[in-house]
There are 2 protein chains.
Amino acid sequence: MYLKQAFELVKMTAGQTGRNPAVGCIIVKNGVIIGIGAHLKEGTAHAEVQAIKMAGDATDATLYCTLEPCNHTGKTPPCTEAIIQAGITKVVFAVRDTSLDDTGIRYMESHGIEVIHAPDSAISAFYEAFFTSKEEKRPYVTLKLASTLDGKLADDFDNSKWLTNTASRQDVHRLRHSQDAVLVGRKTYEIDKPKLDARHVSDKEPAKVIISQSGDVTLHEADRMNGQRILVISPAEIPHAETLITQDFRPAHLLELLYQAGISRLMIEGGSGVISEFIEQDCFDEVVIYYAPKLLGGTLNNRFYHTEESRMTQLRLVDIQQFEDDVRLTYRKGQ
Amino acid sequence: MYLKQAFELVKMTAGQTGRNPAVGCIIVKNGVIIGIGAHLKEGTAHAEVQAIKMAGDATDATLYCTLEPCNHTGKTPPCTEAIIQAGITKVVFAVRDTSLDDTGIRYMESHGIEVIHAPDSAISAFYEAFFTSKEEKRPYVTLKLASTLDGKLADDFDNSKWLTNTASRQDVHRLRHSQDAVLVGRKTYEIDKPKLDARHVSDKEPAKVIISQSGDVTLHEADRMNGQRILVISPAEIPHAETLITQDFRPAHLLELLYQAGISRLMIEGGSGVISEFIEQDCFDEVVIYYAPKLLGGTLNNRFYHTEESRMTQLRLVDIQQFEDDVRLTYRKGQ
């Protein structure tokens, strides 16, 4: 139960912790919660440290944490040390941090702390993105598509606004809320004026990433004004935006640059050229497709996946959600 | 409860009653079922008549029937007359037969029978196909597609066998079992050698319909041997098959011919040219798409809906089913 509560804290803070994982922590003593903590932002105190601080006296208490407490000194001191100092006698965590060595558990145990690993599939699924990102030093990539049943993102006149319904679009805002950044190609950015925001969910906006191989992009007035983070990947400096300058536009390299810029969860929203290239180059982890209940036919410019020849990519289905007549299907890579 | 049991009889016999609806009937007296009937085949006794026959003495009994009893003399005498003769005092039915005038109810009531209409949404949904077919004098048309997520029925080398999984293919057999006929284009028939059977479900096979505008088709050995009904729509007589000769291959006309040949539930299974034409000409009622968890890209010959320009067809989602990593989405026409 306390782990589930700690996971609620994770859901609240997902998308604001950069390359660090969102972590939730609850300290309980005699059946009463005496401390609550969540990691809020890269570089600031970890969840465990915050919860201990709130508790004041945590002697003989039990600490529940979504992720295994760290044992290393990074931007902040190790959590294991803080736990030992606080006099906590029992630690329950849901997910092993495979990116750490396991000396933290032994270190706590050597100080008489009982350490229990209580696996939880929902919490594990959440951290999959973090581990991928940390191990591969690139963002965890979600491809987001709003498509007709026959695989078109827009009609022959580039109209796409009408495709999915309000309930689906609100769900997109929820998805964006948990991302560090959303990415689009320059043409999609300039023509579609995609809002790419999460306004129906919160004021917290993901950064916008625009790919401009031409070295040019016309930023929308609103984007320059609202103080949101705008990243442009381009061969030349772009005024009014944070520019990641490169000549190498291969998807794998773009992801490297974005990770260095602090992006660990990235959602790619179009256009079809960008989407196709990330699929072909195998540079994605997850595909979320909103199918509008429509058949479109027509010419082929706006089909969402175009390649020179058939290139089969095998996925596995991880979720089905219905939004009125729209269906959201979520897939991850691999058999 | 008895209506649900009667509906079970309908499910058993769907797909074998031609242009007539499958109907189930249960007669109950003093809490005991004394008669069970189902309409088995066009031209033979109706469900009510069969149930009355089984009951022998049905005096003062209650008759439960999925569809309103008929009051007209067609190939068999009216059911209302049989009900009155049997001394039944109460009739409960689930679905009004809008293709009949309503004198049947009044006729039974005038003979002191209590008649109750007890609507049931699942039973109503089943009869939608029958009413469409009867009113429009054409088969109720289901388009069946097994597609990649990006709308391809096969790769650039026409391979499609690998697309959906075993569980999905078994479900296709269940779908076929409830159809009078399945239709494919000549090329699909000759090249893909589609089995088009329902062998995982039963020995009862839907008729096969092949469209051959060229007036030629090479029937597979097995099809000529197993005594199954093979219909070819063609400008010239085809040996070893029942030929519907025509020069007019517009979808609406083909449906007219098939209805005259006794087909009231038709499933169209490909190829993409046939599928596209039936969508464009608005000659379908239902679309069932099995999405395999695959992205394919490639050239465009095997996309399932191709037209000269975008032609938006709006559907409404009526069902979602999961078969392991495949998803079956069912749509009907209209907002």
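Me: How many residue pairs are in polar contact between chain B and chain A?

Reply: There are eight such residue pairs between chain B and chain A, with both residues at pLDDT 80 or more. A polar contact here is a pair of N or O atoms within 3.5 Å; within protein, one must be able to donate a hydrogen and the other to accept it, and residues adjacent in sequence count only if both atoms are side-chain atoms. Please keep in mind that this is a predicted model, in which local features need pLDDT of at least 70 and side-chain atom pairs count only at pLDDT 80 or more, while totals for chains, interfaces and linings use all residues. Residues are numbered from 1 along each chain as its sequence is written, chains are lettered from A and ligands numbered from 1 in the order in which they are written, and side-chain values use heavy atoms, with hydrogens and water left out.

Me: And how many salt bridges between chain B and chain A?

Reply: The count there is zero, a salt bridge being a side-chain nitrogen of Lys or Arg within 4 Å of a carboxyl oxygen of Asp or Glu.

Me: Which elements of chain B touch chain A, then?

Reply: Those giving two or more residues to that side are β12 (286-291), β13 (294-297), β14 (310-323) and β15 (326-333) of chain B, and β14(B) gives the most, with ten residues. Helices (H or I, at least four residues) and strands (E, at least two) are DSSP runs, numbered from the N terminus. That side of chain B divides into 19 nonpolar, nine polar and 13 charged residues, where Ala, Val, Leu, Ile, Met, Phe, Trp, Tyr, Cys and Pro count as nonpolar, Asp, Glu, Lys and Arg as charged, and the others, Gly among them, as polar.

Me: What area is buried between chain B and chain A?

Reply: About 3,400 Å² is buried between chain B and chain A, with carbon and sulfur atoms giving 64% of it; buried area is the accessible area (1.4 Å probe) that two parts lose on being put together, summed over both. On the chain B side, B:Leu149, B:Leu295 and B:Ser310 supply 19% of the buried area, more than any other three residues.

Me: Which strand of chain A is joined to β13(B)?

Reply: Strand β14 (residues 310-323) of chain A runs antiparallel to β13(B) and is joined to it by three bridges, and the bridge partner of A:Gln314 is B:Lys294. Two strands pair if DSSP finds at least two bridges between them.

Me: Which side chains meet in a salt bridge?

Reply: Those of A:Arg332 and A:Glu128 do, at 3.1 Å from N to O.

Me: Where is the cis peptide bond in chain A?

Reply: It joins A:Gly270 and A:Gly271, with omega about -10°, and A:Gly271 lies in the loop between β11 (265-270) and α10 (272-280) of chain A. In chain B, a cis peptide bond joins B:Gly270 and B:Gly271, with omega about -5°.
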